[in-house]
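This report describes one protein chain for a reader who is new to structures. Please keep the sequence and the 3D view at hand while reading.

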Amino acid sequence: MRGARVVAAGLGALSVLAGCPADAPSALDPAGAGAHRIEGLWWLLFWVSVVVFLEVAALLAWALVFRRGERTRIRHGQPLRFVTIAGAGLPFVILVAVYGVGLRDLAALSADPGPDGPTVEVTGHKWWWEVRYEGVSGATANEIHIPVGERVRVRLRAADVLHSFWVPQLMPKTDLIAGEMRETWLLANRAGSYRGQCAEYCGLQHAHMALMVIAEPRRDFDAWVARLGAPARAPQSEAERRGQQAFLQGTCAACHAVRGTSAQGRVGPDLSDMGARWSIGAGAVPNDAGHLGGWIANPQTVKPGNAMPPQPVDAAQLPDLIAYLRSLK
Ligand code: CUA
């Protein structure tokens with residue numbers, strides 16, 4: 001166990017050297033049944049390769065040290081038997097065993113999650129995730145809430161190009177293919193936030209196509225889903241009211257929806273809970289007033305290539321728009 005920890009620490013150090021942020025989600029830190037299987041497979045392959053490497057290194061050393069003796073033995077035909085066993089027989093046994101374990105895990109991972117639990121419908125867009133729940137009218141983006149300890153069915157569609165849905169701590173990758181519906185499931189054993197990422201190169205902002213899976217107790221999840229089906233929070237302050245007016249009368253409403261208002265655009269993400277989201281632009285920048293203002297004024301400087309053009313917003317209107325969007329939670 002101590003050895004495994006030393007190896008894991010070494011791998012961690014390597015990933016830091018390779019430029020991975022320290023809080024990057026790791027498939028070796030699983031929080032659900034799906035990722036546990038991948039972790040088991042990972043360690044099995046790791047230890048098999050360690051044993052094979054050590055065996056080859058030992059044989060190489062042995063050959064170097066005793067090569068004079070081996071030359072005489074070749075005449076007797078013994079090494080041929082050795083080559084057959086160590087060079088063909090042993091790899092065959094190892095590969096068949098690993099293949100068997102792989103098939104077992106593949107079957108377990110593609111098993112139907114069953115009729116219980118909610119169904120999430122996720123659509124991959126360039127470059128964000130549209131998230132809906134079966135039987136719920138509202139939508140959100142780049143954020144999936146799930147109840148802890150329950151298998152959640154995830155239906156995956158691509159709106160444009162290939163994407164891949166990957167939440168390393170919960171589940172391995174599932175590709176999204178335009179014109180096809182794919183399925184996977186999510187199960188988290190402990191409450192927490194699990195970062196996911198598009199894992200199929202899909203263009204300029206592929207790196208900024210992240211999502212967050214939030215696993216929470218069932219009652220919190222129920223409350224969250226209930227909010228998703230209800231009208232968005234109405235403006236409370238003067239600034240929020242002015243912001244809402246600017247939002248509905250300006251260009252925003254052409255592409256974005258806010259539940260309970262006349263804004264019903266479907267081009268960009270539904271903004272009904274914008275103020276509660278973990279990020280702006282699917283992981284591009286933190287969700288705070290400063291970044292939101294920068295995004296509204298010119299999203300192309302924040303996430304070049306995304307579908308939203310720079311907005312001709314009056315400088316006086318910008319604080320109101322920010323206040324309104326941040327109040328939506
Ligand atoms: Cu979507 Cu990469």
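The text below goes from the whole chain to its sheet, its cores and a few single residues.

The model is predicted, and local features need pLDDT of at least 70, side-chain atom pairs count only at pLDDT 80 or more, while totals for chains, interfaces and linings use all residues. Residues are numbered from 1 along each chain as its sequence is written, and side-chain values use heavy atoms, with hydrogens and water left out.

**The whole chain**

The chain holds 10 helices and 12 strands. Helices (H or I, at least four residues) and strands (E, at least two) are DSSP runs, numbered from the N terminus. Of its 329 residues, 39% count as buried; buried means under 20% relative accessible area, exposed over 50%, and partly exposed in between (1.4 Å probe, protein chains only). Among contacts (heavy atoms within 4.5 Å) with a separation of 6 or more, 63% link residues 24 or more positions apart.

**Sheet and strands**

Five strands make an open sheet of mixed pairing, in the order E4-E10-E9-E6-E7. Strand E4 (143-147) and strand E7 (171-176) each have a single partner strand, so one side of each has no neighbour in the sheet. On average, neighbouring strands of this sheet are turned by 20° against each other, direction ignored. Helix H5 (residues 218-228) packs on the sheet and touches E4 and E10; its direction makes about 135° with that of E4. Axes are lines fitted to C-alpha atoms, for helices over the stretch in contact, and angles run from 0 to 180 degrees between N-to-C directions.

Three strand pairs are listed below; two strands pair if DSSP finds at least two bridges between them.

| Strands | Sense | Bridges | Residues opposite each other |
| E1 (119-125) and E5 | parallel | six | Thr 123 and Arg 157 |
| E5 and E8 (182-186) | antiparallel | five | Val 154 and Thr 184 |

Strand E5 (residues 152-158) has six of its seven residues buried, so the rest of the structure largely encloses E5.

**Nonpolar cores**

A nonpolar core is a set of buried Ala, Val, Leu, Ile, Met, Phe, Trp, Tyr and Cys residues joined through side-chain atoms within 4.5 Å. The largest one has 35 residues, and those touching the most other members include Tyr 133, Phe 165 and Val 213. Leaving aside neighbours within four places in sequence, the contacts of Val 213 include Ile 144, Ile 146, Leu 170 and Leu 186. Another core, of 20 residues, lies apart from it, and Leu 271, Val 285, Leu 292 and Leu 328 are among its members.

Is His 256 buried or exposed? With 12% relative accessibility, His 256 counts as buried. His 256 sits in the loop between helix H7 (252-255) and strand E11 (279-280). Beyond its neighbours within four places in sequence, His 256 is in contact with residues including Phe 247, Leu 271 and Met 308.

**Backbone exceptions**

Most residues other than glycine have a negative phi, and most peptide bonds are trans. Lys 126 and Trp 127 are joined by a cis peptide bond, with omega about 0°. Trp 127 lies in the loop between E1 and strand E2 (128-133).

Asn 142, in the loop between strand E3 (139-141) and E4, has a positive phi of about 60°. Its relative accessible area is 8%, so Asn 142 is buried. Ala 282 has a positive phi of about 55° and lies in the loop between E11 and strand E12 (285-286). At 0% relative accessibility, Ala 282 is buried as well.
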